[in-house]
Amino acid sequence: MQINTFEELKNILKKENKEIYEIAQEIECQNLCLPKEDFRKLIKKTLDAMKEAIKNGLNNLQITNGKMGGQDCIKLVKNYQKAPSVFSKLFEKILTYALATSEENARMGKIVACPTAGACGIVPSVLISLFEELEIDDEKQINALIIAGLIGKIISFKVKPSGAIAGCQAECGTASAMAAGAAAYLLGGNINAILNSIALCIKNILGLTCDPVRGFVEVPCIKRNPFMAIHAMTAVELALAGIESVIPTDDVIDAMEQTGALMSPSLKESSLAGLAKTKTAIIMSKSCFTKRYYSEHSNK
Amino acid sequence: MNETSILDIISPIMVGPSSSHTAGAVKIGLLARNIYGAKIKNVKITLYNSYAQTGIGHGSDKGILAGLLGFKVDDTIIKDIFNSLEASKIKYRFEYEENFAYHPNAVDINFVGEIEMKITAQSIGGGEILITKINDFDVKINGKFNSIILIIEDTIGYISKITSIIQKYNINIATINCERKAKGQNATCCICLDSDISDNALIEIREEINPKLLRYIHKL
């Protein structure tokens, strides 16, 4: 069995008196031939790896592989020690955890792709900050990650989470929607609030390009992670207030698919346009790779 | 049939920086290594389009090489694979090409030497991959199933011979994908299984249909 659309998910919930994570978990266990406990253990392992990546990122000052980042998280942490955020502690945590994870990724450190490595800071920063600030127990933490996964899965049926196929909207945008839906669940939102937070999230990142400078997952990717994490929280707060997306969630995903298909390949993870072809980026590229290295390289 | 799982979305636990361009590359290398089956001595790798343009920054070259050498997506050796002892034992060469007839993230892996083989693959997003060609035969192998891969002479009844042996061992077939160039010529057959098959079954298949190539690859 499979839930292919958000409409289907809503209908199943109407019929069965179960929570979203229960339904998602049942389907997964059936498809993967796994007992429930084993499935939840695998989710827990992923969650632990996310927490580990944040911890490593917060304590790492190493410059990233492409030498364009790696020391921004520490700046933020130090500044918050002097001058706390005008928002809350939760806001501070989301920004620092997102930066910590995505900087760790750009160092070729160990992270969890969620749904992709370039977007790896978004879901963990939102969820783990909420877990800590709201003191959420282990079981509910696992439930939240299952819901995030289900959202990503349903989106991926129409739009593969790949910058090369549909631009950054499919990577950071999908991650933001996953984080938003799961956060809405943690904050007590019902299925309508969850679906609206997903729709609001995606609607506001349609057409987001993937134009990494020099081909590294650094500029704009690292700093985009905290932005997209807060983007998710904006959607959640609106949806929890009962604000609805005029265009339903499944239609919004259709729009993302169409937009992705219409976007030029030069703006989809090829570094042939956008930020990657700015004057500064071209100068940086020239000083890094020689043409010869780019056309071929071998060890013997 | 859509086989994507929640575990595919919130995974893999991997070495960065890109699920499609690093982890996907490692998986392509690993699957290609398993399909080739022989000891790798010399290999030429061609990266296309997005893989070519952003592959070095994303470590796609390092990933493919690490996979070919048998390392997994979360192995921290990937970062330093070019300087590893394992890499120094084989001969490798990377080429970068633009060809929009290919998938944005496509790669050709040419094994050179006594046993030659060409494998074409795509990284389709979030670390998921697809092997699309073996020696110019169309295949669909995603590494999510234990799979039997065969290249055989196209003869009447070869599929039923194979499937009856698989049935005898009480194993369910998830998907079956066969293709031939022309009647009576070589054909490829990829059979994805829901569980692990024993060596005895593979020996029986080999004896029954005498394939030109038989590989059994475990899911990644």
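Chain B falls into two domains: domain 1 (11-135) and domain 2 (146-217). This is a predicted model, so let us start with how these two parts of chain B sit relative to each other.

**How the domains meet**

Taken over C-alpha atoms, the centres of domain 1 of chain B and domain 2 of chain B are 26 Å apart. Contact between them involves five residues of domain 1 of chain B and four residues of domain 2 of chain B. On the domain 1 side, the biggest contributor is helix H2 (residues 19-36) of chain B, which supplies three residues. Sorted by class, that side of domain 1 of chain B has three nonpolar residues, two polar ones and no charged ones.

**The core**

The largest nonpolar core holds 152 residues, and the members that touch the most others are Leu127(A), Ala179(A) and Ala232(A). Domain 1 (11-135) and domain 2 (146-217) of chain B each give residues to this core, so the core lies between them.

Which residues does Ala179(A) contact, leaving aside its neighbours within four places in sequence? The partners are Ile122(A), Val123(A), Val126(A), Leu127(A), Ala148(A), Ala229(A) and Ala232(A).

**How confident is the predictor?**

For the complex, the predictor gives an ipTM of 0.92 and a pTM of 0.88. Chain B has an average pLDDT of 92, and 99% of its residues score at least 70. The table shows where confidence in chain B is lowest and highest.

| Element of chain B | Confidence in chain B | Mean pLDDT |
|---|---|---|
| Helix H3 (residues 49-58) | lowest | 86 |
| Strand E4 (residues 106-112) | highest | 97 |

Conventions: Residues are numbered from 1 along each chain as its sequence is written. Chains are lettered from A and ligands numbered from 1 in the order in which they are written. This is a predicted model: local features need pLDDT of at least 70, side-chain atom pairs count only at pLDDT 80 or more; totals for chains, interfaces and linings use all residues. pLDDT is the predictor's confidence in each residue, from 0 to 100. Helices (H or I, at least four residues) and strands (E, at least two) are DSSP runs, numbered from the N terminus. A nonpolar core is a set of buried Ala, Val, Leu, Ile, Met, Phe, Trp, Tyr and Cys residues joined through C-beta atoms within 7 Å. A residue is buried if 20 or more other C-beta atoms lie within 10 Å of its own, exposed if 12 or fewer, and partly exposed in between; C-beta atoms are placed from the backbone. Domain bounds come from an automatic or database domain assignment. Two residues are in contact if their C-beta atoms, placed from the backbone, lie within 7 Å. Ala, Val, Leu, Ile, Met, Phe, Trp, Tyr, Cys and Pro count as nonpolar, Asp, Glu, Lys and Arg as charged, and the others, Gly among them, as polar.
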